[in-house]
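Student: I'd like to learn how to read a structure like the one below. Can we go through it feature by feature?

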Amino acid sequence: MTSITGNIFNIKRYAIHDGPNIRTTVFFKGCSLSCWWCHNPEGKSPEVRFKSNPRQTFESSDEKLVPLGGWTSTVSEIMGEIRKDLPFFQESGGGVTFSGGDPLYQPEFLQALLKACGQENIHRSVDTSAHAPAEIIRSVAGETELWLLDLKHMDNTLHLKHTGLENGLILQNIKLLDALGAEIRIRIPLIPGVNADEQNLTASAKFICDLERKHPIDILPYHDTAASKYRTLGLDYRQVQASGPESLNPEQLIELMGSYGLSAQIGG
Amino acid sequence: MNDRINRLRQESFEAKPSISIERALLETEFYQDNADNYSLPVLRALTFKHICENKSLYLGPDELIVGERGPSPKSVPTFPELTCHSVEDLKILKSREMTPYDISDTDIAIYAEKVIPYWEGRSMRDRIFSKVPEDWKLAYEAGLFTEFMEQRAPGHTALDGTIYRMGMIDLKARIADRIQRLDYDSDPQAADRYEQLKAMDITCDAIIIFAARHAELAESLIKQTADPERVQELKTIAYVCRNVPAKAPQTFHEAIQMYWFVHLGIITELNGWDAMTPGHIDHHLIPFYEKEIVDGTLTREGAKELMSCLWIKVNNQTAPPKVGVTAKESGTYNDFTQINLGGLYPDGSDASNEVSLIGLEVSDELHLLQPQPSVHISSKTPDAFLTAASKVIRKGYGYPSVFNTEMVVKEQLRVGKSAQDALEGGTSGCIETGAFGKEAYILTGYFNVPKVLELTLNNGTDPLSGKQVGLKTGPVESFSTYEELYSAFLKQLHYFVDLKIRVNNYIEQMYANYSPAPFLSVVIHDCIEKGQDYYNSGPRYNTNYIQCCGIGTVTDSLSALRTHVFGGELDMAELMAALEANFEGFDDLRSQLQHQTPFYGNDDDRADMIMLDVYGDLFKAIDGKPNTKGTVYHLNMLSTTCHIYFGKMLGATPNGRRAHLPESDGTSPSHGADVQGPTAVVKSLSKMDQSLSGGTLLNQRFLPDVLASDQDLKNLGSLIRTYFKLGGHHMQFNVVDTATLRKAQANPDDYKNLLVRVAGYSDYFVDLDKDHQEEIIRRTEQGLP
């Protein structure tokens, strides 16, 4: 099992906003969606630049470029990195978060890592768009303590327009995980001009409210911080601009969710 | 903060530091008339009494706690018996751009006429520098080490709880009893002891007189005061000053005033490094607080007001002005009074109490330069206290710093202190561990470890001056393996440590002989019982430290040598040429060194094992070397601001650092070398057995976003607790982004209040010179992943 390889673009320690407490986040390469505002554009492509961790081999001479290239890693290499911060997980109640890109884009690699962490009693969190076949969701759910699930748009046409894919499978999977009794945090990236209008957010609240169980909501305000990454990657960067219906600010969204009996907070 | 405290704070904040020549004049006139009439301890005691009887007093309109070292807040005396400032020194102090001290031309003229002629050749600095050997001077001038005691007295004094239980009258009785028991028949030192004890007794009288003069001043002010409330306050002040320090304090107010008089006495008698500190003030004040709250004679607000008054008093005591190398490496108004909050009681139970919390609140509200609060965290400390401290850390003043109580105790047990004394101990100055009220723990100077490597690479010659400063350990081309290079480095290391210690011991003996401190000896166990001075083995414990700087720089440089020269393709001659050229024209090589070398601070054993070798060898070179008191030297791992001075004295280094830039500070990684986040830094540092040292120092700069939410604070608490479980001694934080610091550089007037963590203390960012400002900006920002 430890011979299974996968492509990742970073391992970040002291990740404190990717799930509860002190965590190590492993960023997977590849994502089915193509949200044009994505703040991790280096995760979109499944390809990697390095054969192994350039930090170990010093193949790349610039720390800033390491994550932009990505490398092919192994379960044992990643487990070695994760284990380094075990004392911090134990003290804080933290653990590991698999993010990306989308970790479900490489399901076998993800499952191997989840199993390895499970054997060492490390708390596991999966941060995903939930765009994957139901059987993969079911099987990952058995090895995951916490799901961080993005809810980007309730309108199918607009979802398709902004992310390149329809939202049916995503909404179905959220319902599935809810029915399976999984622990879930719903994350709403608040993108002005895309999904921050009252109509969409009200629809989102209703959807969350209709789930069998009440799940907490993390509001992720949009930050204009990814521009330099787009430039370095040679990708076009589109500035987010508020247009169309008026955008709600995070505080207003907290209030809106509250009116549906839902508890929301800023950040995650 | 109430109106009174607001006014007192403003007055303290705005007062311009100035030099008062009054103490020097009183001392000089007394020495001129009496120097030949008494034994040295008695002469020192009578001089102290003369100052207490004659110095100008200050009692401000809003004050509740009274007494100043100078004639007014932030007016600092000089200590010509240690270092006598020249006319030129005084003029520089007055006119220099950074941290100036005001002094009138008239005063400079009086100083030139009355003070300087007497002390020429008599001051401690003159005596020391006239006798040090040439090889020491060469090393000193090359920036291998500094010498702490050439212009300030050995310091690092913190008190235990004695003065809250015993007044000066009680201590006089203890002295009298000891004199009674002197055995002139069988103790050849009895006559000496008698002189020491007699001197101590005189200083007790002196401080009682000093307090009584304040009582008289308060009474005389009553007659000129119309406001009935202020009249009542002045009556209380007079009453308190007649009770303490003569008798043991009975109230919260008296306990604080008691401490303050003792503090003033100690910093007036001599200008010891790191001023003076009450140590665990919350442990000492809590019994008074609890009793008076129950009795209904004190409210929480009242207690907070009195503690605020004490904090402001400490802030009023600007550091005495330094000269020469010492001014270069320590240019600050801060006099390093560190107040310990929390920790454990002597019985081993958790000691974070209501007074600890008030202390944090006062520090937060006043956010003054001094005192510097530290919080002491043990496995028994409740999360609520750590969270309260984290909330102040988040404000970005650079304090409180955070210490590991269990390690502070362990470090003391290792060197043979009793468990009880170790528990009553704590940290003072920046991060230095000591047994409060029972120990002279003397820092003797900083030691420039990367400079030792530079000399090793140049066969003992300093490339900056061309002088042969170190041993000839062989030309660099002759080292065919890393081990050969490292063994030459060790030879140089031992040579310089031994040289430093040889001269330290000589200076130490000078203090024992020429500069006894009888008042300080009264309040430190067991000076009375031994009949010996604080500087002459009087305390129960006597420890010397050498503070080693630049462990990050030296580790990364050795790692670069091992990786690229001995384990890679790089030609040693090319590296040496690059270092000599300060990497001009060697951009690719510099980039390779900076980006393709395992560096300390990333939880990477390839670098961390080198750090362990260096740390272990520093320990072997220093620990256990004898001092003049029959005890030994230990290792300390802090740089305060000396890594900037040492960096200036150092050429380019193999880790890609350019010449004259700062070295790594304390035990922190090199600037920008730690790229794996704070948990990796903590893991790297915890690989060293920190209990072998008398303290380590870890700076972390966090971006404000990392500490925004309550959950973020909880994670900070977990980070700290994990470090401490792994054996960390100390951690401190700057919470400020680079943009803010750049704005402060551009518009200093708008950022007068911006405190930042410099070393083991905070300072106003706009009071730092450009080098220090840049050094802080270059510290790695720990941001959000």
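Student: Let's start with a helix. Which exposed residues does the face of α26(B) turned away from its buried side carry?

Tutor: Before the answer, keep in mind that this is a predicted model. Now the general idea: an α-helix has 3.6 residues a turn, so residues three or four places apart point the same way. In this case, the face of α26(B) turned away from the buried side carries Asp587(B) and Asp588(B), which are exposed.

Student: And which residues are buried in helix α26 of chain B?

Tutor: Leu589(B), Arg590(B) and Leu593(B) are buried there, in a helix that runs over residues 587–595. Looking down the axis of α26(B), you'd find the buried residues within an arc of 100°, so they line one face of the helix.

Student: What covers the buried residues of α26(B)?

Tutor: The cover includes two helices of chain B, α24 (551–566) and α25 (572–580). While you're there, look at the loop between α25 and α26 of chain B, where Asn582(B) sits. Asn582(B) has a positive phi of about 55°, although it is not a glycine. Its relative accessibility is 22%, so Asn582(B) counts as partly exposed.

Student: Okay, on to sheets. How do I read one?

Tutor: Strands of a sheet pair through backbone hydrogen bonds, either parallel or antiparallel. Chain A has an open sheet of nine strands, and the pairing is mixed. Their order is β3-β1-β2-β4-β5-β6-β7-β8-β9. At the edges you'll find β3 (71–74) and β9 (264–266) of chain A, each pairing on one side only. From one strand to the next, the twist averages 30°.

Student: In which sense do β6 and β7 of chain A pair?

Tutor: In the parallel sense: β6 (residues 146–150) and β7 (residues 184–190) of chain A pair over four bridges. To get your bearings, find Leu148(A), which stands opposite Arg185(A) in β7(A). Then look for helix α11 (residues 250–259) of chain A, which packs on the sheet and touches β7, β8 (217–221) and β9 of chain A. The direction of α11 makes about 170° with that of β9(A).

Student: What about aromatic rings?

Tutor: A pair of aromatic rings is described by the distance of the centres and the angle of the planes. The whole structure has 29 aromatic pairs over all chains. Take Trp36(A) and Trp37(A): the ring centres are 5.7 Å apart and the planes are at 90°, so this pair is edge-to-face. Both residues are buried, Trp36(A) with a relative accessible area of 15% and Trp37(A) at 7% relative accessibility.

Student: Why is the pair of Tyr397(B) and Tyr399(B) called tilted?

Tutor: The ring planes of Tyr397(B) and Tyr399(B) are at 45°, with the centres 5.7 Å apart, so that pair is tilted. Tyr397(B) is buried at a relative accessible area of 11%, and Tyr399(B) is buried at 1%.

Student: Which residues do ring pairs link into a cluster?

Tutor: Phe129(B), Trp136(B), Tyr140(B) and Phe145(B).

Note on methods: Residues numbered from 1 in each chain as written. Chains lettered and ligands numbered in written order. Predicted model: local features only at pLDDT ≥ 70, side-chain atom pairs only at ≥ 80, totals over all residues. Heavy atoms only, no water. Pairing = 2+ DSSP bridges. Axes fitted to C-alpha atoms, helices over the stretch in contact; angles between N-to-C directions. Contact = heavy atoms within 4.5 Å. Phe/Tyr/Trp six-rings, centres within 6.5 Å; stacked < 30°, edge-to-face > 60°. Buried < 20%, exposed > 50% of the residue type's maximum accessible area, 1.4 Å probe, protein only. Arc of directions from axis to C-beta.
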